[in-house]
Amino acid sequence: LFGTVVAVDGPAAAGKTTTCLALAKTFGLRYLESGRTYRIIAFEALQREIPVDNAPEITGLCDELIEESRSTSLLTSERYASAALRRTPVNVAVSAVARIADVRQRVTSLIRLWATTHDHCVIEGRDIGTTVFPRAAVKFYLTATPEVRAMRRLTQERAESYENVLRDVTRRDDADMSRKTSPLLPAADALTIDTSDLTVEQVLDRMSSTCRSRG
Ligand code: C5P
């Protein structure tokens, strides 16, 4: 089960989605964006005006959403448009939701279950190589300077101002790295790639050759 997972972790806007989608195509892997689930929970909490730091209520909401989406897993639910999940209020709320241990435990279980039915997969997130799949066959930790990441996000999404994007990226990194439960950090056996001065093709070359060398 764990042997077929490629785990890709790293801070916000480090290029995880772009490279994971390309790897999925090259190697015929199923792709899962684990951050989407934390975003869905944050989005629903905002809709229902539940304070995102109220752990019992957010955990209850999480259970309700899992229950509701039983046949179509919450992980891949198409009820939510990606654009809505990427708006500023969700960016601000998501790290608070993601620091709740009971929520993490539930999302982790969902991801593990999903992987049992998609045995060749690439999963991106913050704790995939450290907590969700500590025995993943291949692990990458993608990073880049906050300035480079903010600049990339700005060009990609043509959103807001550079200052706002940079603030969001660094605030979220700080929150994700400093939380108690499965903080963002590279797994001991992950290949760390600093993509600051690399093109997407260069990053993909390194990732692909590592995947090939691990069979
Ligand atoms: O990957 P993305 O930027 O969409 O993730 C949004 C947020 O979800 C992250 O900033 C982090 O707080 C949380 N997250 C997490 N663990 C994961 C994936 C995402 O805590 N495996």
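Reader: Which residue stands opposite V6 in strand 4?

Author: V138 stands opposite V6. A note before we go on: this is a predicted model, where local features need pLDDT of at least 70 and side-chain atom pairs count only at pLDDT 80 or more, while totals for chains, interfaces and linings use all residues. Residues are numbered from 1 along each chain as its sequence is written.

Reader: How do you know that strand 1 and strand 4 pair?

Author: Two strands pair if DSSP finds at least two bridges between them. Strand 1 and strand 4 (residues 138-143) have four bridges, in the parallel sense. So they meet the definition. Strands here are DSSP runs of E with at least two residues, helices are runs of H or I with at least four, and numbering starts from the N terminus.

Reader: What joins strand 1 to strand 3?

Author: Five bridges join strand 1 to strand 3 (residues 121-125), and the two run parallel. In this pairing, D9 stands opposite G125.

Reader: Why is A13 called buried?

Author: A residue is buried if 20 or more other C-beta atoms lie within 10 Å of its own, exposed if 12 or fewer, and partly exposed in between, with C-beta atoms placed from the backbone. A13 has 24 within 10 Å, so A13 is buried. A13 sits in the loop between strand 1 and helix 1 (16-27). Its phi is near 60°, a positive value in a residue other than glycine.

Reader: What makes E49 exposed?

Author: E49 has 6 C-beta neighbours inside 10 Å, so E49 counts as exposed. E49 lies in the loop between helix 2 and helix 3 (55-68). E49 also has a positive phi, about 55°, although it is not a glycine.

Reader: Why is P183 called partly exposed?

Author: P183 has 15 other C-beta atoms within 10 Å, so P183 falls in the partly exposed class. P183 is in the loop between helix 9 and strand 5 (191-194).

Reader: What does P183 touch, beyond residues up to four places away in sequence?

Author: P183 touches D176, M177 and S178. Contact means that two C-beta atoms, placed from the backbone, lie within 7 Å.

Reader: How do you know that helix 9 reaches close to its expected span?

Author: The expected span is 1.5 Å times one less than the number of residues. Helix 9 (residues 162-178) has 17 residues, and 24 Å is expected. From first C-alpha to last, helix 9 reaches 24 Å.

Reader: Which residues of helix 9 are buried, and why are they said to share a side?

Author: V165, V169, R172, D173 and D176 are buried. They cover an arc of only 105° around the axis, so they lie on the same side of helix 9. The arc is that of the directions from the helix axis to the C-beta atoms. The buried residues pack against helix 5 (88-98) and helix 8 (146-157). On the other side, E163 and S178 are exposed.

Reader: Which residues touch the most other members of the largest nonpolar core?

Author: V6, I41, A42, I58 and V97 do, in a core of 52 residues. Helix 2 (residues 35-47) gives the most to this core, with six residues. A nonpolar core is a set of buried Ala, Val, Leu, Ile, Met, Phe, Trp, Tyr and Cys residues joined through C-beta atoms within 7 Å.
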